[in-house]
Amino acid sequence: MTVESTAARTPRRSSKRTSAVKTTAKTTAKTTEKSTTGATAKAATKATAKKPARTPQSSDPELVQLLTPEGERVEHPDYSIDLTAEELRGLYRDMVLTRRFDAEATALQRQGELGLWASLLGQEAAQIGSGRALRDDDYVFPTYREHGVAWCRGVDPTNLLGMFRGVNHGGWDPNSNNFHLYTIVIGSQTLHATGYAMGVAKDGADSAVIAYFGDGASSQGDVAESFTFSAVYNAPVVFFCQNNQWAISEPTEKQTRVPLYQRAQGYGFPGVRVDGNDVLACLAVTRAALERARRGEGPMLVEAFTYRMGAHTTSDDPTKYRADEERAAWEAKDPILRLRTHLEKEGAADEAFFTELEAESEALGKRVREAVRAMPDPDPMAMFDNVYADGNPLVDEERAQFAAYQASFADSAEDSVEEGK
């Protein structure tokens, strides 16, 4: 069915008719204005001044959930999962250790040991659940916040910190863990993942590819292009969007008029929204999406609806744009607390397990802290190296200016010593 525009279907009216309508409208408006009382006019003005109501979304989002915020196990008709007590404890351990590592990295940045850090606080279930759904031969394309997925792929946490300290560009071999280096450019990794998945399909392999990105990245053109290519070429890729509801200070409602998962329909592949604070649901949905891709059924979009409980990065202050009540409401849905409640209710973990895990998490924090402090200080001048193969006059000029700027600090320190004598 061809949809025509309203302008194309509506015949143009004659100028005489238009003039008559305008004249009638003016007359009616004047009559109405005279007959309107002062109180009524004031009320009408006040109503007009109000902000326009938000347009309701096309349909209420459907949310896949297997574990409620109260720790109660529920079933879903399309996604089910049956885990042993040991597997449940393993997921809990993953989330606890990931959060401990993340907290240590944040503290190290505050102490001046790291230049920047992007915290995953509150998104542990989305990352651990999806990360544990992967097979060894699947390939991951992350952003810069997938510390939990890196943990699941066996990347040493200390390797993640070298880049944020400025001493390397990523301290791991992507092919050793099938986990690509962190991508800072927003949304570009979805194209990398799509191209890699197309190659996987041409090679005849049955592995799958997963690309992580956030709600903010979903507004990027690269993501739209990756959706188009993956659909047309039936690429075995899962797009995993962690919708933490804030693209730095920009809320999701200012980025889209429909739930993000529904965007997949326009490209010809399915999308699903999952409770991003439910590690069981994230595991079940991602596992199903990956299996679908491996069967040759093409891409799928998974929207993990979660919340960033911390700042966007350590350079951000979320108190300037978010209400404390909003964070408090989401803290009640904490993914780690949710699973712990379930483990205790089901008798799947005793106090000894939690005590031992606490000691393990503290040991991890200590190891990370010592490893970072043992790293060399970054060389500020190194950022000018390898910009161009044969050098460049502008870069040379900038290098000289920065060198002089750095030297000024040494001169100031020497002057202070001289004055103190």
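How exposed is Y233: buried, exposed or partly exposed? Y233 is partly exposed, with a relative accessible area of 48%. Please keep in mind that this is a predicted model.

## Aromatic pairs

Let us begin with the rings. The model holds 26 aromatic pairs. In one of them, the ring centres of W117 and F164 are 4.8 Å apart and the planes meet at 65°, so this pair is edge-to-face. W117 sits in the loop that runs between α4 (85–110) and α5 (124–131), while F164 belongs to helix α7 (residues 157–165), so the pair ties together parts that are 47 residues apart in sequence. Both partners can be checked for burial. W117 has 0% relative accessibility and counts as buried, and F164, at 9%, is buried as well.

Now back to Y233, which pairs with F229. Their ring centres lie 6.1 Å apart with the planes at 10°, so the pair is stacked. F229 is partly exposed, its relative accessible area being 41%, and Y233 is partly exposed at 48%.

## Charges over rings

Two side chains are worth a look from above the ring. R273 places its charged end over the ring of F305, at 4.3 Å from the centre. For W330, the residue over the face is K333, 4.1 Å from the ring centre.

## S361 in helix α14

Helix α14 (residues 351–374) includes S361. Is this serine buried or exposed? S361 is buried, with a relative accessible area of 2%, which is under the 20% limit for that class. Leaving aside residues up to four places away in sequence, S361 touches V96, L97 and R100.

How values were computed: Residues numbered from 1 in each chain as written. Predicted model: local features only at pLDDT ≥ 70, side-chain atom pairs only at ≥ 80, totals over all residues. Heavy atoms only, no water. Phe/Tyr/Trp six-rings, centres within 6.5 Å; stacked < 30°, edge-to-face > 60°. Helix = DSSP H or I, 4+ residues; strand = E, 2+ residues; numbered from the N terminus. Buried < 20%, exposed > 50% of the residue type's maximum accessible area, 1.4 Å probe, protein only. Lys NZ or Arg CZ within 6 Å of the ring centre and 35° of its normal. Contact = heavy atoms within 4.5 Å.
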